[in-house]
Amino acid sequence: MSFDTADALKDYATAGVSRHDLCFTSATPDALANLRSALGRSRVGVRVVLAGPPADVHAAASVAAECGLVDEEMTLRCNEVGPRVIFCGHCHTSTTTDHPIGTNVDCQGCGTTLTFTDHFSRRVGGYLGFSAHAEEAA
Amino acid sequence: MTATALQTKVQPVLEGTLQLEVTNVSAQTDSITSISFGDPLGELLPCYVPGSHLVVQHASGANAYSLTGSGSAPTEYSISVLRVEGGSGGSLAMHALAVGDRVQVSHPRSAFAPAATAKHHLLIAAGIGITPVLSHARYAAEWGASASLIYVHRPGTGAHVAEARALLGAGLTECLDRGSFQEVLTRKLTTQKLGTHLYVCGPTAFMDSVLEQAHDLGWPKGLLHSEAFSGAALDDGEPFTVNLARSGVTLSVPTGVSLLETLENAGLSIPNMCRKGICGECSVPVLAGNPLHRDLYLTDQEKEDNAAMMCCVSRSLDNELELDL
């Protein structure tokens, strides 16, 4: 499954084993539903390869893990750069940003100014964002 | 099932054990008997993870047996034991137990747990290998998890057949011979939905064959779980030397004598239990040298790391090993 660029996996060799390609511009709910149903039709023995921007790859990997896939069944090929998903620890909304680790971003859900470190969750496919000025408030 | 013979001198691990009373003995088949142990005062026993085993002490040593219950709020611990004539004596001692007898048992030990993330549990058992798998089936039934079982047994000699039928219904496939099992196995291994984990227990050759076929059909290791019956027969091995860095002692380990025995003879007290490379109790930290890993406990990665070894069965590839003892 690839995101952003349709031919990201064109050169990916599967040594003659049958393959099923899914290409989407980004990990939209529709794209993830497609992945979910493709996994539902699959049998143990298949491997899933996910390629594209990190945020999309991680969102898809999270869906695959939810379907019971283990790490050995997934290959993640993330682009070197790309936006990050910041998961708000207060309202659980995901905000996409290009800001580097250690900076702040305003949560799209609750408006809290969030700071984030390299604390990454594979389950939610994002970095933990937490109130940037919590200590100062008191 | 894990019917591993243990030697008499391994008592340390049985410290802090439970003293229980035999509450029920019933014949499953001509050669398999189920035995239940309960608290003499009728108290609840510590709960356990499905697939756990219990170490039961008897006059000539101690043996590990799989618990057949689901593990939640147990009032008794039940095991089923196949009588092995000419074995190490454990099965005969178990078969001699009568209601009211007191026995010393360990706390249940988990080494064959169900995967929490599994969407379906494919259970495979041969003969007395049904015991830990029955525990999984009961657990699945109790918690509404999806499970199916392939049970290979000879007509009239299968233990717990009626319970397996009641627990699994259409999810149970019974195979009475090798040919039909092979056919069922190939079909099952190629038709499982993603998220299925496989659990196998039975004779070593049976488990090896199932795991190898699963691997060949693309099943990753993370989905495969097996419960060893007993360790493989090992050769006597080459002699080597061990340096105990902290005690400043050098010991030589001759052919036919284990590192564990050598350490014990030198007066060291190393926690241990099965002495067959299964339980992981006798792990010792390695500082230098390449151990010859012969256990079933460490993962492949841990064996490559060479940071620890099971001193009951493992030896050395080099002439000398340095241990953090």
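Visitor: How many residue pairs are in polar contact across the interface of chain B and chain A?

Guide: In this predicted model, the rule finds 6 such residue pairs, both partners at pLDDT 80 or more. A pair counts because an N or O atom of one lies within 3.5 Å of an N or O atom of the other.

Visitor: What makes up the side of chain B that touches chain A, by class?

Guide: That side divides into 6 nonpolar, 9 polar and 3 charged residues.

Visitor: How many salt bridges are there between chain B and chain A?

Guide: The count is 0. A salt bridge needs a side-chain nitrogen of Lys or Arg within 4 Å of a carboxyl oxygen of Asp or Glu, so no pair between these chains was counted as meeting that cut-off.

Visitor: How do you know which residues of the two chains are in contact?

Guide: Heavy atoms must come within 4.5 Å. By that rule, 18 residues of chain B are in contact with 15 residues of chain A. Together the chains bury about 1200 Å², 60% of it on carbon and sulfur atoms.

Visitor: Now for the helices. Where do the axes of H1(A) and H2(A) come within 10 Å, and at what angle do they cross?

Guide: Helix H1 (residues 29-41) and helix H2 (residues 54-66) of chain A cross at roughly 35 degrees. The contact is made by Leu32(A), Leu35(A), Arg36(A) and Leu39(A) of H1(A), with Ala59(A), Ala60(A), Val63(A), Ala64(A) and Glu66(A) of H2(A).

Key
Residues numbered from 1 in each chain as written. Chains lettered and ligands numbered in written order. Predicted model: local features only at pLDDT ≥ 70, side-chain atom pairs only at ≥ 80, totals over all residues. Heavy atoms only, no water. Axes fitted to C-alpha atoms, helices over the stretch in contact; angles between N-to-C directions. Helix = DSSP H or I, 4+ residues; strand = E, 2+ residues; numbered from the N terminus. Buried area = accessible area lost by both parts, 1.4 Å probe. Polar contact = N/O pair within 3.5 Å; in protein donor to acceptor, adjacent residues only side chain to side chain. Nonpolar A, V, L, I, M, F, W, Y, C, P; charged D, E, K, R; others polar.
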